[in-house]
Amino acid sequence: MRVLGVDPGLTRCGVGVVEGVAGRPLTMLGVGVVRTTPEDDIGVRLVGIERGIEEWLDRFSPELVAVERVFSQHNVRTVMGTAQASAVAMLCASRRGIPVALHTPSEVKAAVTGSGRADKAQVGAMVTRLLRLSAPPKPADAADALALAICHIWRAPAQNRLQQAVAQNRLQQAAARQAAAVKGRTR
């Protein structure tokens, strides 16, 4: 599985591509940051992020895009910028028919480090170790993007089994309702 991880941000939008499957060594295919200038209008900045994400999609052809789920912070301005950058990444992927998965920061930290409260240095160190890199990717946004991709690759099999179980349960419930309705009509 090839996953593009996106750590959304207006000034620095981390991007990283990881390939592999759960239980096997993973490979980093690329890592970087899409940057915009804070002095530019918001529309210009969002177009810049779109162009950057589109370039990564063209270059690496991921099977899935994993985006950090926006969470509430005290700084509304930061949340808005993060949400807008996140929406651009989801739009770019969806326009191409590429599935999008959202992961919370604590979910990503727990998957990569074992602790949902890990700091940026711990995440960077584990990403370095897991991908067998010589040094942590810089800036931290880039390491976070790789962590998102790793998280998704590792969690996708369990999530898929859970989704299949839920779908199977819904089918069984629908069949039971239909059988009950037919039985009620034949009385």
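**Helix packing, cysteines and loop geometry in the predicted model**

Thr 128 is buried, with a relative accessible area of 11%. The value comes from a predicted model. Thr 128 lies in helix H4, which covers residues 120-130. Beyond its neighbours within four places in sequence, Thr 128 is in contact with Leu 133, Ser 134, Ala 135, Pro 136 and Pro 137.

Arg 132 sits in the loop between H4 and H5. Its phi is near 55 degrees, a positive value in a residue other than glycine. Arg 132 counts as exposed because its relative accessibility, 51%, is over the 50% cut-off. Pro 139 also belongs to the loop between H4 and helix H5, the latter spanning 140-185. A cis peptide bond joins Lys 138 to Pro 139, with omega at about -10 degrees.

H4 also packs against another helix. Packed helices are described by the angle between their axes and the distance between the axes. The axes of helix H3 (residues 105-113) and H4 come within 9 Å and cross at roughly 50 degrees. H3 and H4 are therefore oblique to each other. Their crossing is left-handed. On the H3 side, the meeting residues are Lys 109, Val 112 and Thr 113. The H4 side supplies Gln 122, Val 123, Met 126, Val 127 and Leu 130.

The fold as a whole gives these elements their setting. The protein chain contains 5 helices and 5 strands. Read from the N terminus, the order of elements is β-β-β-α-β-α-β-α-α-α. The C-alpha atoms fill a box of roughly 75 × 40 × 35 Å along the principal axes. The chain has 187 residues, of which 39% are buried. Of the contacts with a separation of 6 or more, 63% are between residues 24 or more positions apart.

H1 and helix H2 (residues 76-95) pack at an angle of about 40 degrees, and their axes lie 9 Å apart. That angle makes H1 oblique to H2. H1 passes H2 in a right-handed crossing, whereas the crossing of H3 and H4 is left-handed. From H1, the residues that meet H2 are Ile 42, Leu 46, Ile 49, Glu 50, Ile 53, Glu 54 and Leu 57. Their counterparts in H2 are Gln 84, Ala 85, Val 88, Ala 89, Cys 92, Ala 93 and Arg 95.

Trp 56 and Phe 60 are 4 residues apart in helix H1 (residues 42-60), and so are separated by about one helical turn. Both residues are below the 20% limit for burial. Trp 56 has a relative accessibility of 12% and counts as buried. Phe 60, at 7%, also counts as buried.

Ser 61 is found in the loop between H1 and strand E4 (64-68). Its phi is near 45 degrees, again a positive value in a residue other than glycine.

Cysteine pairing was then checked. The search of the whole structure finds 0 disulfides. Cys 13 is in no disulfide, and the nearest cysteine sulfur, that of Cys 92, is 9.5 Å away. Cys 92 is likewise in no disulfide, its nearest cysteine sulfur being that of Cys 13. A disulfide needs the two sulfur atoms within 2.5 Å, so the separation of 9.5 Å rules out this pair. Cys 13 counts as buried, at 0% relative accessibility. Cys 92 is buried too, with a relative accessible area of 0%. Cys 92 is also one of the H2 residues that meet H1.

Notes. Residues are numbered from 1 along each chain as its sequence is written. This is a predicted model: local features need pLDDT of at least 70, side-chain atom pairs count only at pLDDT 80 or more; totals for chains, interfaces and linings use all residues. Side-chain values use heavy atoms; hydrogens and water are left out. Buried means under 20% relative accessible area, exposed over 50%, partly exposed in between (1.4 Å probe, protein chains only). Helices (H or I, at least four residues) and strands (E, at least two) are DSSP runs, numbered from the N terminus. Axes are lines fitted to C-alpha atoms, for helices over the stretch in contact, and angles run from 0 to 180 degrees between N-to-C directions. Angles under 35 degrees count as roughly parallel, over 145 as roughly antiparallel, 65 to 115 as roughly perpendicular and the rest as oblique. A crossing is left-handed if the near helix is turned anticlockwise from the far one by less than a right angle, and right-handed if clockwise. Contact means heavy atoms within 4.5 Å.
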